Amino acid sequence: VNYKQPTTMSSNTIPNSDVNSPQTTQDNHNPLHNSPDDVRVVSQSQGDGNSISQLPNEATPDNLHLLGAVCNDLLTGISPLIQPASVTKVPTPIIHSPTKAQLNDSVNKVLFYSESCEKKRKGRAHITSFNNKKKRSNIPDISKALFWFLRDAKVKEKPKLLTTSHKYGSAYNHWITKRDGIYAPFSSLKSSLINAPCPLTKYHKRLILEEVFLLKEETEIICYIRAAHPWFKTQGKVRWIREVQAELERNPLETLVLSGNVYFAIVMKVKRNIYRSKIVNRVISKAELKRGCTESEGWGIQVKVHNDQSRLVKFSNLLDHPDSIQFWMNGKDLPVKLPHMRIVLSSIRDVMRIGPTAATMLDEVHGDPLQYCSIANYHDLFFGNKRREYE
């Protein structure tokens with residue numbers, strides 16, 4: 001079928017046609033039976049998309065519905081129709097992140113959903129009690145206190161009363177007067193040791209056990225030891241005597257004479273102290289440290305003596321034999337422990353325990369005039385105050 005090329009017209013323009021042109025009877029009475037050349041055409045203008053262009057002589061209200069029907073049939077095959085969406089539009093939900101309180105609440109519901117408030121309270125109390133017990137069982141800060149619980153057994157062995165009147169003079173006299181003594185097993189070195197230089201200066205101090213705990217590697221210390229020490233009597237004594245004699249011959253130092261007992265001076269270096277970090281960081285309990293400071297457990301430090309020969313110095317040696325072995329060191333870089341000793345004596349409530357405690361302290365600092373006289377003075381002060389309270 002050949003269609004006539006349509007002419008695009010604006011919907012607002014009046015068709016320019018001859019109104020006097022004749023019309024056939026067929027067009028007026030049966031408009032649906034038109035020839036192919038008389039097909040109605042719909043066009044859209046740029047101004048209005050809904051405007052319908054009509055052919056001349058047919059833009060009347062009587063046949064407008066016919067134009068619409070014909071145009072719909074023609075446009076169906078030419079342009080595709082836009083099908084409406086068959087899926088219902090659903091808005092995207094907005095989910096907010098949970099707050100910290102909501103997270104904690106959800107976790108608590110999961111963990112404790114079956115526990116009552118009373119069970120929760122008892123559980124918290126048990127945890128608090130366990131932490132407090134653990135805190136009490138751990139050792140105190142070594143920079144702020146003394147580990148006096150290590151000396152309980154020694155305190156019980158001391159007499160109840162302590163007389164200090166004669167101790168002040170003896171504490172100073174041993175620095176002034178040189179007295180002869182027994183130099184065995186090094187009697188052959190007596191003359192060289194008496195005239196040897198003194199290794200101690202006014203800055204040196206005798207170390208107590210807490211200060212030995214803090215010794216670092218390669219720290220140089222001076223060891224004063226008597227022939228009555230177990231190292232000279234137990235197994236391995238021959239080797240030990242040989243090492244000490246070789247060191248005294250290589251580096252002779254003046255001996256120290258206290259109460260008629262001769263102490264030989266030996267320079268040592270700390271080789272290893274594996275317990276220092278544990279004690280400083282307080283990762284061991286009082287019971288563990290107390291057990292480690294026994295002869296059977298054998299905790300201690302390793303020192304180098306002669307020709308880098310290493311030897312283990314047990315902490316129990318310093319606790320059980322303070323009258324036969326001493327460690328000395330330059331005290332400029334050491335913390336002062338005298339205030340801590342004063343606190344220990346001032347905190348004792350039982351007046352009969354002040355004397356044994358002070359006597360134990362005096363044994364550990366014997367030979368150091370400053371510390372010795374200070375502790376004796378503390379004893380006289382606090383013992384006198386406590387006795388007046390009881391009177």
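Of the 391 residues of the chain, 35% count as buried, where buried means under 20% relative accessible area, exposed over 50% and partly exposed in between, with a 1.4 Å probe and protein chains only. This is a predicted model, in which local features need pLDDT of at least 70 and side-chain atom pairs count only at pLDDT 80 or more, whereas totals for chains, interfaces and linings use all residues. Residues are numbered from 1 along each chain as its sequence is written, and side-chain values use heavy atoms, with hydrogens and water left out.

The secondary structure comes to 15 helices and seven strands; helices (H or I, at least four residues) and strands (E, at least two) are DSSP runs, numbered from the N terminus. Among contacts (heavy atoms within 4.5 Å) between residues at least 6 apart in sequence, 75% join residues at least 24 apart.

**Strand pairing**

Two strands are taken to pair if DSSP finds at least two bridges between them.

| Strands | Bridges | Bridge partners |
|---|---|---|
| β2 and β4 | six bridges | I225 and F264 |
| β3 and β4 | three bridges | L258 and N261 |
| β4 and β5 | three bridges | R272 and Q302 |
| β5 and β6 | five bridges | Q302 and L312 |

Strand β5 (residues 300–304) is largely enclosed by the rest of the structure, because four of its five residues are buried.

**Nonpolar cores**

A nonpolar core is a set of buried Ala, Val, Leu, Ile, Met, Phe, Trp, Tyr and Cys residues joined through side-chain atoms within 4.5 Å. The largest has 45 residues, and those with the most contacts inside it are F213, L289 and F327. Among the elements that give two or more residues to this core are α8 (209–213), α9 (237–250) and β7 (325–330), while its largest share, five residues, comes from β4. Leaving aside neighbours within four places in sequence, L289 is in contact with I139, F147, F149, L150, F213, I279, I284 and W299. Apart from this core lies another, of 22 residues, among them L162, V344, I348 and Y378.

F147 lies in the loop between α4 (117–137) and α5 (152–157), and is buried, with a relative accessible area of 0%. Not counting residues up to four places away in sequence, F147 touches I139, P140, I142, E210, F213, I279 and L289. The C-alpha atoms of F147 and L209, 62 residues apart along the chain, are separated by 8.7 Å.

**Helices α14 and α15**

The axes of α14 (residues 351–364) and α15 (residues 369–390) come within 9 Å and cross at roughly 175 degrees; axes are lines fitted to C-alpha atoms, for helices over the stretch in contact, and angles run from 0 to 180 degrees between N-to-C directions. That makes α14 roughly antiparallel to α15, given that angles over 145 degrees count as roughly antiparallel, under 35 as roughly parallel, 65 to 115 as roughly perpendicular and the rest as oblique. The contact includes I354, A358 and L362 of α14 and I375, H379 and F383 of α15.
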